[in-house]
Every structure is written in C-alpha cells, then in structure tokens.
Amino acid sequence: MKQIDKNALVDWEKYKEDVMRSTPVDQSMSHAERERHRLYLEAHPIEWIKFFYPGYAKYEFADFQKKAIRRILAHDEWYEVLSWSRELAKSTITMFIVLFLTLTGKIKGFRKP
C-alpha cells in the first residue's frame, strides 16, 4: 500500500470516529422502539431531517421551506424550480429531499430525463 493510501485510510478512520462521536445513539431503545421511531420519522420528513442531520439542520426551517419539502415529497414525479435567494438554502433543501427519498427507499435511483 502506498503512503498516500495509508494517509487516506487514517484520515477516513478519523472522520468515521468523528461522525460516530457526533451522532447521538440511544442504546436503551429496544428493536421495536427503534422501528417505531423510524416509521414515525419517515412519516414526518422535516423531523427526519432534523434527527439525522442536526449539523446541517441547525436552525428551524422557514415556512416556505417546509411547504416546499412537503409539496415535493407528496408527488411521485415532480420537477420544481426553487426560485429563492442564494442564501435561503436551495441546495441544502434539495440535498435533504434527495437523501430522504433515497435512504427511506422511496426511490432507487434517478432516471435520465
């Protein structure tokens, strides 16, 4: 293994440990409770985002952002242009929506238009 690969592996391990330390895990929950909580969060996408990405979703979403998230997730095939100012988190909201759809299994991949 080359030195650059070894360095990359060490950096990856540090990153992984940081993520594990920064992500709260409730060890006292039973499997059934975790499953109930997961289903609840999947039924409430905004809470899902806040729970799984507290580092990105530090602040409360604005009403127009919540409406956009709900509107986009309510339709199976939906294309929308978010005509917001640069500082109103268009990319972040889009990232959350794509992560939610992908990680909850609602979409398997993206088709080419």
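Start in helix α4 and select Gln-65, which lies there. This is a predicted model. Is Gln-65 buried or exposed? Its relative accessible area is 8%, under the 20% cut-off, so Gln-65 is buried. Now show its contacts. Setting aside residues up to four places away in sequence, Gln-65 touches Trp-84, Leu-88, Ala-89 and Ile-93.

Follow one of those partners. Select Ala-89, one of the residues that Gln-65 touches. Ala-89 sits in the loop between α4 and α5. Check its backbone. The phi of Ala-89 is positive, at about 70 degrees, although the residue is not a glycine. As background, most residues other than glycine have a negative phi. Ala-89 has a relative accessible area of 26%, so it counts as partly exposed.

Step into helix α5 and pick Ser-91, which is found there. Ser-91 has 62% relative accessibility and counts as exposed. Draw a distance from Ser-91 to Lys-67. The two are 24 residues apart along the chain, and 16 Å separates their C-alpha atoms.

Move on past the end of α5. Select Thr-104, in the segment after that helix.

Select residues 45-52 to show α3. Colour its buried residues: Pro-45, Ile-46, Trp-48 and Ile-49. Now look down the axis of α3. The buried residues fall within an arc of 160 degrees, so they line one face of the helix.

What do the buried residues of α3 pack against? Select three helices: α2 (31-43), α4 (63-73) and α5 (90-103). Keep them on screen together with α3.

Leave α3 by the loop between α3 and α4, and select Lys-58, whose place is in that loop. Lys-58 counts as exposed, at 59% relative accessibility. Draw another distance, this time from Lys-58 to Met-29. The pair is 29 residues apart in sequence, and 25 Å apart in space from C-alpha to C-alpha.

Now zoom out to the whole protein chain. How many helices and strands does it have? There are five helices and zero strands. From the N terminus on, the elements run α-α-α-α-α. The radius of gyration is 18 Å, well over the 13 Å that the globule rule gives for 113 residues, so the chain is more spread out than a compact globule. Along its principal axes, the C-alpha trace spans about 45 × 40 × 30 Å.

Buried residues make up 19% of the 113 residues.

Turn to contacts between residues at least 6 apart in sequence. Of these, 44% join residues at least 24 apart.

Finish with the charges. Select the 20 positive and 16 negative side chains of the protein chain. The centres of the two sets lie 4 Å apart.

Definitions and conventions:
Residues numbered from 1 in each chain as written. Predicted model: local features only at pLDDT ≥ 70, side-chain atom pairs only at ≥ 80, totals over all residues. Heavy atoms only, no water. Helix = DSSP H or I, 4+ residues; strand = E, 2+ residues; numbered from the N terminus. Rg over C-alpha atoms; globule rule 2.2 N^0.38 Å. Buried < 20%, exposed > 50% of the residue type's maximum accessible area, 1.4 Å probe, protein only. Contact = heavy atoms within 4.5 Å. Lys, Arg positive; Asp, Glu negative; His and termini not counted. Charge placed at Lys NZ, Arg CZ, Asp CG, Glu CD. Arc of directions from axis to C-beta.
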